[in-house]
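Trainee: I'd like to learn how to read a protein structure, one feature at a time. Could you walk me through one?

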Amino acid sequence: MNTQQKEQAIMCFKKKLLQQTNIQTLLAIEIETFARQIVDSINKTTYFKMIAQRQVSIVRTQPHHVLFDPIRSVLYYKNKDIDEACWLIFLMVHTGDSTKKNWQFVRELYDVIGQWDQINLDTVENWLKQAPKFKFGGHRKYESLSQLMDVVFSYQTWIKKMGGHVALFNQPFDTPKQRYAWIYHKMRIFRFGRLAKYDYLGLCALTGIASLKADRCYIQGSSGPLKGAKRLFGAYDEDTLNEMTMRLAENLEIGYQEIEDALCNWQKSPQRYKNNK
């Protein structure tokens with residue numbers, strides 16, 4: 001959306017937030033900041049829809065090329081090789097890498113380990129002995145390269161147990177929410193907790209890999225989103241805060257993933273807007 005559309009959306013969400021009866025008394029600047037974070041979260045979804053409409057060059061899939069981009073690689077592969085698309089999503093989620101660092105972590109890891117049907121953990125073992133000191137992203141800040149091989153092996157094992165990526169995402173459910181909930185609770189991957197599962201399934205949905213939609217906010221046991229919910233609603237127990245957050249998302253007519261993301265970013269600086277791209 002352009003600047004005018006964004007400001008209109010912010011005004012609309014400010015008005016809706018002020019109409020909510022279960023939100024604590026907040027400063028006007030806090031309402032303004034939260035509204036801006038909501039719009040930012042929605043724009044992330046819009047961004048994926050926008051780039052999905054464009055043709056993707058094969059050079060985007062080549063880790064040695066300056067234009068390598070794992071997100072666009074996923075879009076390139078999603079209708080050609082779903083295994084490769086999901087493998088790239090896994091690497092992005094586990095490393096927590098981003099465009100800010102030109103995807104250097106994912107770029108080198110993808111080059112070293114290889115494509116899904118050619119994964120070679122022996123090369124990883126050798127690489128780890130001389131690997132650069134890559135720093136995991138914010139969502140994966142407690143991870144370590146020493147556990148990398150175990151995490152990759154765990155993911156391979158889980159996907160094989162589920163019958164492969166195609167079988168996993170084509171389970172016969174009536175709604176995308178039911179499919180999301182089933183996969184979320186079936187995920188048994190070493191070092192993949194609530195946030196990693198949420199990010200993995202969220203990217204699979206945003207890139208069009210699978211028909212998925214978060215069935216709840218899953219803020220129980222979280223850090224940022226839970227802190228944001230407590231600031232917004234008060235000191236309720238985690239289950240109640242999750243339900244209150246879900247109702248707010250429904251009242252605002254946005255997805256659970258968007259409200260979770262907005263709460264997490266808002267609580268970092270509730271009185272001063274920061275772009276968390």
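The talk below goes through helices, packing, cysteines and backbone angles.

Trainee: What should I know before I start?

Mentor: This is a predicted model, in which local features need pLDDT of at least 70 and side-chain atom pairs count only at pLDDT 80 or more, while totals for chains, interfaces and linings use all residues. Residues are numbered from 1 along each chain as its sequence is written, and side-chain values use heavy atoms, with hydrogens and water left out.

Trainee: How do I read a helix, say α4?

Mentor: Helices are DSSP runs (H or I, at least four residues; strands are E, at least two), numbered from the N terminus. The expected span is 1.5 Å times one less than the number of residues. Helix α4 has 14 residues and reaches 20 Å from first C-alpha to last, close to the 20 Å expected.

Trainee: How many residues of α4 are buried?

Mentor: Buried means under 20% relative accessible area, exposed over 50%, and partly exposed in between (1.4 Å probe, protein chains only). In α4, 13 of the 14 residues are buried, so the helix is mostly covered.

Trainee: Which helix does α4 cross, and how do I describe that?

Mentor: Two packed helices are described by the angle between their axes and the distance between the axes. The axes are lines fitted to C-alpha atoms, for helices over the stretch in contact, and angles run from 0 to 180 degrees between N-to-C directions. Here α4 (residues 82-95) and α7 (residues 148-161) have axes that come within 12 Å and cross at roughly 145°. The crossing is right-handed; that is the clockwise case, while a crossing is left-handed if the near helix is turned anticlockwise from the far one by less than a right angle. Contact means heavy atoms within 4.5 Å, and it is made by Cys86, Trp87, Phe90 and His94 of α4 with Leu148, Val151, Val152 and Tyr155 of α7.

Trainee: Is His94 buried or exposed, and what does it touch?

Mentor: His94 is buried, with a relative accessible area of 1%. Not counting residues up to four places away in sequence, His94 touches Phe136, Arg140, Glu143, Leu148, Val151 and Phe192. With Arg140 there is also a side-chain to side-chain polar contact at 3.0 Å. A polar contact is a pair of N or O atoms within 3.5 Å; within protein, one must be able to donate a hydrogen and the other to accept it, and residues adjacent in sequence count only if both atoms are side-chain atoms.

Trainee: What about α12?

Mentor: Helix α12 (residues 238-252) has 15 residues and reaches 21 Å, close to the 21 Å expected. Among its buried residues are Leu241, Met244, Leu248 and Leu252. An α-helix has 3.6 residues a turn, so residues three or four places apart point the same way. The buried residues of α12 pack against α1 (3-18), α2 (28-52), α11 (224-233) and α13 (256-266). At the N-terminal end, Asp237 caps α12, with a side-chain oxygen 3.1 Å from the backbone nitrogen of Asp239.

Trainee: How many disulfides are there?

Mentor: A disulfide is a covalent bond between the sulfur atoms of two cysteines. The cut-off is a pair of cysteine sulfur atoms within 2.5 Å, and this structure holds 0. Cys86 is in no disulfide, as the nearest cysteine sulfur, that of Cys204, is 4.8 Å away. For Cys12, the closest cysteine sulfur is in Cys217 at 19 Å, too far for a bond. Cys12 is partly exposed at 38% relative accessible area, whereas Cys86 is buried at 0%.

Trainee: Which residues have a positive phi?

Mentor: Most residues other than glycine have a negative phi, and most peptide bonds are trans. Among the positive cases here is Trp103, with phi near 60°. Trp103 lies in the loop between α4 and α5 (104-113) and is buried at 6% relative accessible area. Tyr218 has phi near 55° and sits in the loop between α10 (194-206) and α11. Just after α4, Gly96 takes a positive phi of about 70°, and just after α12, Glu253 takes one of about 60°.
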